[in-house]
Amino acid sequence: MKKILLLIISLFPFLVMAKDYDIKDINLKFNVSDEWIAFTRDNLDNNKDLEDLGLTKDDLLPSYKLQGIYFDGIKDGIELLVMVPNIKLEVNNLSHYSENVVKETANELGKKLNTDKVGTYYAKHKFATVNYFDSKTQLYIVNYYTVVNAKGYNFQIQKSTEITDEDIKSLEKIIDTVEIETLPGYEKDETKEKSFSFKNILIDALIGAAVGGLGALVLKLTKKKSS
């Protein structure tokens, strides 16, 4: 069997393995390819990748908790963040609403972030999408945003150069695997579409969260050491 596996790998060097992530604190499952150097709140102890970057658990965990980061990955100059701030919204689940509401959610995101690059994406959940440049962090950002269990789930890629179509396709492959368990009490929404208010679903803390993550933190520490 081992010889067969080695033969397959030799014949298909482009074959990329995927790793499953089950983040129980936020009832989230998804998978990403092994190409990503990935960190979660639970894998920071004795982590060789973290040591290679000259960082420790104490460098990252406080920032993760403060900014609601549960996954932080790096690949080829691009960073992937999964953020779920501990803020309860008045809407239980964005997927309970029509396509028009999801579109308007994306439009509202665009207004707040001063961009018209907005859209929707449907996988196992409905996502509002936004593509913009954050002047404070000098990062290009694409964010796929949904609401489940009255919490905002942000799946975000960010980099210092413009995000390409291939980058977005890479993110969407991950989004296609996202499963967020609906908890008891959040199966329905009482809010009617006619009385829908976007202030119930969009919180400034959830938007433009080009918050540090590992990439920005590494850059910050590098500058500090060089000075």
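The model is predicted, and local features are reported where pLDDT is at least 70, side-chain atom pairs only at pLDDT 80 or more, while totals for chains, interfaces and linings use all residues. Residues are numbered from 1 along each chain as its sequence is written, and side-chain values use heavy atoms, with hydrogens and water left out.

Helices (H or I, at least four residues) and strands (E, at least two) are DSSP runs, numbered from the N terminus. Strands of a sheet pair through backbone hydrogen bonds, in either a parallel or an antiparallel sense. Two strands are taken as paired if DSSP finds at least two bridges between them. On this basis, seven strands make up an open sheet, arranged in the order β3-β4-β5-β9-β8-β7-β6 with antiparallel pairing. From one strand to the next, the twist averages 20°; axes are lines fitted to C-alpha atoms, for helices over the stretch in contact, and angles run from 0 to 180 degrees between N-to-C directions.

Within this order, strand β4 (residues 69-75) is joined to strand β5 (residues 78-83) by six bridges in an antiparallel arrangement. In that pair, Ile-74 has Glu-79 of β5 as its bridge partner.

The pairing of β6 with β7 is antiparallel and extends over five bridges. These two strands form a hairpin with three residues between them, and Thr-120 has Ala-128 of β7 as its bridge partner. Strand β7 is joined in turn to β8 by seven bridges, the two running antiparallel. Bridge partners here include Asn-131 with Val-142 of β8 and Phe-133 with Tyr-140 of β8. The hairpin of β7 and β8 has four residues between the strands, and Gln-138 takes a positive phi near 60° in it.

Nine bridges connect β8 to β9, which also run antiparallel. Val-147 stands opposite Gly-152 in β9. In the hairpin of β8 and β9, with two residues between the strands, Asn-149 has a positive phi near 55°.

Eight of the nine residues of β7 are buried, and the strand is mostly covered. Strand β8 is likewise mostly covered, with nine of its 10 residues buried. Helix α4 (residues 99-113) lies across β6, β7 (126-134) and β8 (139-148), and runs at about 15° to β7.

Asn-143, found in strand β8, counts as buried at 4% relative accessibility. Its side chain makes a polar contact (a pair of N or O atoms within 3.5 Å; within protein, one must be able to donate a hydrogen and the other to accept it, and residues adjacent in sequence count only if both atoms are side-chain atoms) with the side chain of Gln-156, at 2.8 Å. Contact in general means heavy atoms within 4.5 Å. Apart from neighbours within four places in sequence, Asn-143 is in contact with Ala-128, Thr-129, Val-130, Asn-154, Phe-155 and Gln-156.

Phe-155 lies in strand β9 (residues 151-159) and is buried, with a relative accessible area of 1%. Residues up to four places away in sequence being left out, those that Phe-155 touches include Leu-28, Leu-81, Val-82, Phe-127, Val-142 and Asn-143. Phe-155 and Val-84 are 71 residues apart in sequence, and their C-alpha atoms are 9.0 Å apart in space.

Helix α3 (residues 57-67) has Leu-60, Leu-61 and Tyr-64 as its buried residues. Seen down the axis of α3, these residues fall within an arc of 100°, so they line one face of the helix; the arc is that of the directions from the helix axis to the C-beta atoms. An α-helix has 3.6 residues a turn, so residues three or four places apart point the same way. The face of α3 turned away from the buried side carries the exposed residues Asp-58, Pro-62 and Leu-66. Gly-68, which follows α3, has a positive phi near 70°.

Note on methods:
Buried means under 20% relative accessible area, exposed over 50%, partly exposed in between (1.4 Å probe, protein chains only).
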